[in-house]
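Hi,

Here's the structure I promised to pass on. Have a look at it first, then read my notes on the salt bridges below.

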Amino acid sequence: RFPRCRRKRRMASIVVRKEEEKKKECTKAQAMKERRRVAILNAEKLWHEDNKVSSCTSEMNGKNGEFENLSHYTEVEVDTLRLYGAPALDGLEKNNTINNVQSITQIFFKFIPFDCIVPHFTKLRVRLFKGETVFNLCF
């Protein structure tokens, strides 16, 4: 009897630990989504301020203002590199995100002035060009 009781307790603790890990992962994923959302909204806000365009976005900060200083965001999805906000271009110099990805075929620019993009074309072409790379410019 004693070993069975121990086994049940052990299984129960494993189940509880897995549930806690799931909660932690879910919380982490929600925080990443919120960070992404706020960074893109802040990049949009700066874009509108720099171009003196009225913004139709009402929510600019995260809960309790925790992400209010984010002004750019970079993400890689399958074969697409997405850059939001001009500081994202500077981030390409500092990290190896695009060096590690071998199949980038599209680059998506959002809320970045064209004049800021031009100096980076050569660097991006050297790092990413595979013969079929397409630069998608979205303003």
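First, a term you'll need: a residue is buried if its relative accessible area is under 20%, exposed if over 50%, and partly exposed in between (1.4 Å probe, protein chains only). Keep in mind that this is a predicted model, where local features need pLDDT of at least 70 and side-chain atom pairs count only at pLDDT 80 or more, while totals for chains, interfaces and linings use all residues. Residues are numbered from 1 along each chain as its sequence is written, and side-chain values use heavy atoms, leaving out hydrogens and water.

Now the charged pairs. The structure has 4 salt bridges, meaning a side-chain nitrogen of Lys or Arg within 4 Å of a carboxyl oxygen of Asp or Glu. Among them is E34 with R37, at 2.9 Å from N to O. E34 is buried, at 15% relative accessible area, whereas R37 is partly exposed at 27%. Both sit in helix α1 (residues 2-50), 3 residues apart, which puts about one helical turn between them. (Helices are DSSP runs of H or I, at least four residues; strands are runs of E, at least two; both are numbered from the N terminus.)

Then there's R36 with E75, also a salt bridge, at 2.9 Å from N to O. R36 is in helix α1 and E75 in strand β1 (residues 73-77), so this pair ties together parts 39 residues apart in sequence. R36 is partly exposed at 30%, and E75 is buried at 11%.

Finally, R82 pairs with E77, with their closest N and O atoms 3.9 Å apart. Shared partners link R36, E75, E77 and R82 into one salt-bridge network.

Cheers
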